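Here is a short note for a colleague who is new to this model. Please read the points with the structure open.

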Amino acid sequence: MYTIIGVIPSDDVLWRRASVVVPIGQWSEPLFWNRGVGMGMRVVGKLRSGTTTRQAQSELDGIAAALAHEYPVENKDKGIYAVSMREDLTGDVRTPLLVLLGAVGFVLLMACANVANLLLARATSRRRELAIRAALGAARGRVARQLLTESVLLAVFGAAAGLALAASLNGVLIAKITSQLPRAGQIHLDSSVLGFTVLLTLAASVLFGAAPAFRGARADVNDALKESVRGTTSRHRLLPALVVVEVALGLVLTASAGLMIRTMSQLWSVNPGFDPQNVLTFGIAGSPAVHGTPTAVRNGFAQTMEELRHVPGVKAVSVLFGGLPMDGDSELPYWVEGRPKPAEQSQMDLALFYAVDPAYLDVMRIPLLRGRFITQHDNEKTPCAAAVDEEFVHRAFANEDPLGQHINFELLPMKCEIVGVVGHIKHWGLDADATAKVRSQLYLSARQLPDAVMDLASTNSDWVVRTSADPNAVAPALKQAVGRVSGNMVMFGEQSMRDVISNSLSARRFTRLLLGSFAILALALAAVGIYGVVSYTTTQATQEIGVRMALGADRGMVLRSVLEGAMMMALAGIIAGAISALAAMRVMKDLLFGVSATDPLTFGAVALLLAIVTLVASYIPALRATKVDPIVALRYE
């Protein structure tokens, strides 16, 4: 019994979803204090001021060496690994965050290019006005300052609107990525975000507003005054250049999103080795006093299993000790009977172990390849039976029949006969299992675990249940069933196996979500930029179009001419973007699975999409150009 002495903030990452924190020195579990078992632990410490992680690692290496000298059997080849908490909490999402930072930068550049296009077009259209002001005595510096001020004001209003939108959508976005990003709930708008936004706004407005401002201020007074208001022929080569940049950046972002979409599609098509559909997993916590003796513990688990099995909608149920696939692991060193026993435990092969009920195969739908699985007859009164997976067979019995072979476990006083071979499950994840160091898997009967571990097993156990419908809908009835077994037992942490798999891909899902959003925004910005430039250039070319139509050009020729000009800008942007993307995709290679960073199908689809966007965005200005009346246009000559 414990006395509550305080309340701490909830932190699922730091406390590993624990609800109660107790002194480790008061834990009387013998297995934890047995060096030979090696349960291991996670230690959190605060470094002295000025001490680096590398220096701390050096000291820990010395401590590990001293322990190995004092306990040569238990601590040989055992180490202590130091890592900064920041790296521990964000290590899985560091690369995605860097990719997304680049994506944000690209979107910002596209927005700035659009604004620069707008300001250049506006400055060009105001050449006559600015020339008149210069003729009346306005200095070029004053005109430049006015145009730059307009640019800053435009940026400030845009930043204010952006902050307001961010504040309104912050809660929605955080709720969307809470399960995909460590400590996402702590993300909020504060003074640092406000300050960064202000600085970025000023820098962008000055940088991208400078060219339009100085161009407008340096306009030739005589040439500008000769131009009519409608008939100005001034063009600026920077306008199409900025469109090319926008299309290139849009291709990089859209291709990145496309590669992540294909990656997720490839991952979800991978067979995990079991059927996650309609499977619920959860834990049951209880005091050791709930069951008592090892025999009572075994009987208590049987009673709990029977109660859960009769819940409406439940098709099969099993207890699970060891590690839930894709969410934890437990490894056992072993050696094969009849072969020389390795001198040290560190020299033994390792296997992931699962102590389960005979119904486990029915719950997970893991295929039985040879022999049999454990049955109800495999209990504490019969010789130990084990089923192994095909990876275990490949590693330990490459040229032998595994059935009937015996394996010994170093940490558990057990010798088990292999009675069956089952399929391999991707325990370490859909994408990481093939490169894991420990892939062999074995299954034991939970009832045949030694008496010494039953006390520990009674305090916390994992369960898997197959249901006939939505597993989450059955969870309340399962909780009631656990309560009927004992009021001292609590069911917690329920989640479907599909959610477990989804959570194992959280970093990629997070990247796909935001890259996809940025890609849509990039396409919209590219469309706006193309529309604006094509619309402006066709307006500026009104006289030219009128002359061509007066000389016999039909509307189809004018339409093709405008569209060809837009497509040439898009083609240049696609080529530049493809070259840039080939270099940028190196950063994403660790996030991809089953698809190359230079996948031609993705790049081809993205290029086609950008071409369609260009056609759609330029069609309206092109159509408007075909409606030019030659007589009206030539009247301004």
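How many aromatic pairs does a search of the whole structure find? The search finds seven. Rings of Phe, Tyr and Trp (its six-membered ring) pair if their centres lie within 6.5 Å; planes under 30 degrees apart are stacked, over 60 edge-to-face, and the rest tilted.

1. Basis. This is a predicted model: local features need pLDDT of at least 70, side-chain atom pairs count only at pLDDT 80 or more, and totals for chains, interfaces and linings use all residues. Residues are numbered from 1 along each chain as its sequence is written, and side-chain values use heavy atoms, leaving out hydrogens and water.

2. A tilted pair. Phe301 and Trp463 are 6.1 Å apart, centre to centre, with 50° between the planes. Phe301 sits in helix α10 (residues 294-309) and Trp463 in strand β10 (residues 460-467), 162 residues apart. Helices (H or I, at least four residues) and strands (E, at least two) are DSSP runs, numbered from the N terminus. Phe301 is buried at 9% relative accessible area, and Trp463 is buried at 1%. Buried means under 20% relative accessible area, exposed over 50%, and partly exposed in between (1.4 Å probe, protein chains only).

3. A second tilted pair. Tyr360 and Tyr443 lie 6.0 Å apart, centre to centre, with planes at 45°. Tyr360 is in helix α11 (residues 360-364) and Tyr443 in strand β9 (residues 441-445), so the pair ties together parts 83 residues apart in sequence. Tyr360 is buried at 0% relative accessibility; Tyr443 is buried at 0% too. Ring pairs link both into a cluster with Tyr354 and Phe373.

4. Salt bridges. The whole structure has 17. Each needs a side-chain nitrogen of Lys or Arg within 4 Å of a carboxyl oxygen of Asp or Glu. Asp599 and Arg262 meet at 2.4 Å, N to O. They link distant parts of the chain, 337 residues apart. Asp599 is buried at 10% relative accessibility, whereas Arg262 is partly exposed at 26%.

5. Helix α10 again. Arg298 in helix α10 and Asp451 in helix α13 (residues 451-459) are 153 residues apart. Their side chains form a salt bridge of 2.8 Å, N to O. Arg298 is buried at 5% relative accessibility, while Asp451 is partly exposed at 47%. Glu306 and Arg309 both lie in helix α10, three residues apart, about one turn of the helix. They also meet in a salt bridge (2.7 Å, N to O).

6. A network. Salt bridges link Asp275, Arg365 and Arg466.
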